[in-house]
Amino acid sequence: MIAINRLHFQYPGAPFSLDIPEFHVASGEKLAIVGPSGAGKTTLLKLIAGILAPQHGTIHVDSTLLETLSDAARRAFRITRIGFVFQELELLEYLDVLDNILHTYRINPVLKLDAQVRERAAALAQDVGLGSKLKRMPRELSQGERQRVAVCRALLPKPALILADEATGNLDPANKVRILELLFRATEGSDTSLVAVTHDHELLPRFDRVVDFMGFHGAAA
Amino acid sequence: MTRHDLYLAWHYLRFHKTRSVILIACLSLIGSLPLSLHFLLDEGERQMTARAASTPLLVGAKGSSVDLTLSALYFSEATVPPVAMADADRVGETGWADALPVYSRFRVRGQPLVGVTLDYFDFRRLSPARGNMLALLGDCVLGSDAAEALGLEPGDTLLTTPENLFDLAGVYPLKLHVTGVLGKSHSPDEQAIFADLQTTWVIEGLGHGHTEQKPAARDGNQPFGQASVNLQADPKLLTYAEITPDNIDSFHFHGDPGSYPITAVIAVPHDRRAATLLKGRFLADDLKTQIVDPHAVTRSLLDSIFRIGALFDAVIILVGCATLLALGLVFSLSMRLRQRELQTIFLLGCSRLKVAQLVAAELVLLVIASGAVCWALLQGVERYGGPWVREFLIP
């Protein structure tokens, strides 16, 4: 699913650099990335998503070489093939639960919003226990419920790859498990891969593989 | 811009109701204020010039031509010195113009009471929408607005009121009979109460009706008997306050009718040459009367108003620019507050162009809503502006 070779990335004017000689994620694999803050975990996810472009090296996602894509094509690829659950991806306060789940479809012309999508969105919400709260506004939801809405939004386009960055960071233990269950369930019975950055070490045994990010950074240094 | 952009923009604006309403109110006021002001000024100009243009010449006492015009055309409360009825006769006797005397000194319950001859109604093309035209001494017809303001209909009566309780020889309280209500004319005539010129002279105290007086008792000092004019005043003499078919014959006037007061004469020349000749008649400095062209007087008055209007325009443009700058600032600050939201949209796969389209959709909705409010305000101004101008702008 993901193949990275000799990747080098540096933010312009910043001393930080990320060097990854080789990194692979198989289809359907559930991978956890751990490491200290500032090690470049989030940067790696953004590189995989095509939000950032490396100075050197190659990134293949789902057999597609991201560097060869134009900006628009990379965005379209990201929208249709990758699901995000980032902490910084907030819900929009002015949209209700259902509209927040459908939001990706409204802002991207490559996704077509039809009755089937609406039904699937409602079913996803039902699935995560928000079926009765479709018309609620985000301010009326708990933190756990808001995160579940964000997961539904990420899963709606049926992505081949789910990228989760601290998706359970601010949640209580019960909700952490619930969110993780949701993400795992999305990968079950399909080739969908999951790459999750987490600090919750108690969740690590549930992943197929755990990568300590210090290794990459240390190697580069 | 797609329907999804508009959908999201609509939800954003609806969620931030207060901010949206303030923005819409500001934008619609910026748009509607200058347009409304111009409409009102244009309407004022139209009404004033239309009235003035339909009144060829005015003859009145020397003094302010503006006061004379406002009094004769718009029945304003401006006090103009009276001229004599003989002046109206003199205009008619030239053979160059028809003379329509107007006596607009009185007000009854806030409405102008105007004494005219029946020719005035033909000249202004006024006819009753309800009831009948004046027929007898003591009758009156009401303009449509006056009828509404006074709550009167044909068949009702209207009592004129003394202007000063201590002026016993002044205005004579008279119960007028409302015979009709005039149709809409969109002119100051709508606010007036019209009576026959002689009726206003009765109110003035120049004519009256009373019970027959008995001759004084024979006096030994008058060997040739009682002269018919030598009547004895009787404190029980009943002076009528209402003119009825029974007492109308007792009403009479004293003195020379040519000396009776009027406030103006509308002179309607038969042609341009006649108008020029008539104007020439009033050029002499020693005359106590003047002739004015109401259209020219009104134009000079309007020029002053429009100079003020231009000043308003400048002020409104400055205020509008300041408001637009403030709105721009509010909008740019709100963009900064929305950075996280916009970042989310961007990370979800939105291009920067799409983000700009979403913001543009909000602006479009704001402008459409402001346009609608502005349109509604202008409709209101157009609908109620005419009467409002008549009531407040025209003196």
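Predicted model: local features only at pLDDT ≥ 70, side-chain atom pairs only at ≥ 80, totals over all residues.
A polar contact here is a pair of N or O atoms within 3.5 Å, and within protein one must be able to donate a hydrogen and the other to accept it. With that rule, chain B and chain A share three residue pairs in polar contact, both residues at pLDDT 80 or more.

Staying with the interface: the salt-bridge rule finds zero between chain B and chain A. The area buried between these chains is about 2200 Å², and carbon and sulfur atoms give 63% of that. On chain B, the residues to look at are B:Phe15, B:Leu347 and B:Leu348, which supply 32% of the area that chain B buries against chain A, more than any other three residues.

In residue terms, 20 residues of chain B and 22 residues of chain A make up the contact. Which helices of chain B each supply at least two residues to that side? They are helix 1 (3-15), helix 10 (339-347) and helix 11 (352-393). Helix 10 of chain B has the largest share, seven residues. By type, the side of chain B that touches chain A divides into 10 nonpolar, six polar and four charged residues.

Now one residue in chain A. A:Thr58 lies in strand 4, residues 56-61. Leaving aside neighbours within four places in sequence, A:Thr58 is in contact with A:Ala3, A:Ile4, A:Asn5, A:Leu65 and A:Glu67. As for A:Glu145, 87 residues from A:Thr58 along the chain, the two C-alpha atoms are separated by 37 Å.

Notes: Residues numbered from 1 in each chain as written. Chains lettered and ligands numbered in written order. Heavy atoms only, no water. Contact = heavy atoms within 4.5 Å. Buried area = accessible area lost by both parts, 1.4 Å probe. Salt bridge = Lys/Arg side-chain N within 4 Å of Asp/Glu carboxyl O. Polar contact = N/O pair within 3.5 Å; in protein donor to acceptor, adjacent residues only side chain to side chain. Helix = DSSP H or I, 4+ residues; strand = E, 2+ residues; numbered from the N terminus. Nonpolar A, V, L, I, M, F, W, Y, C, P; charged D, E, K, R; others polar.
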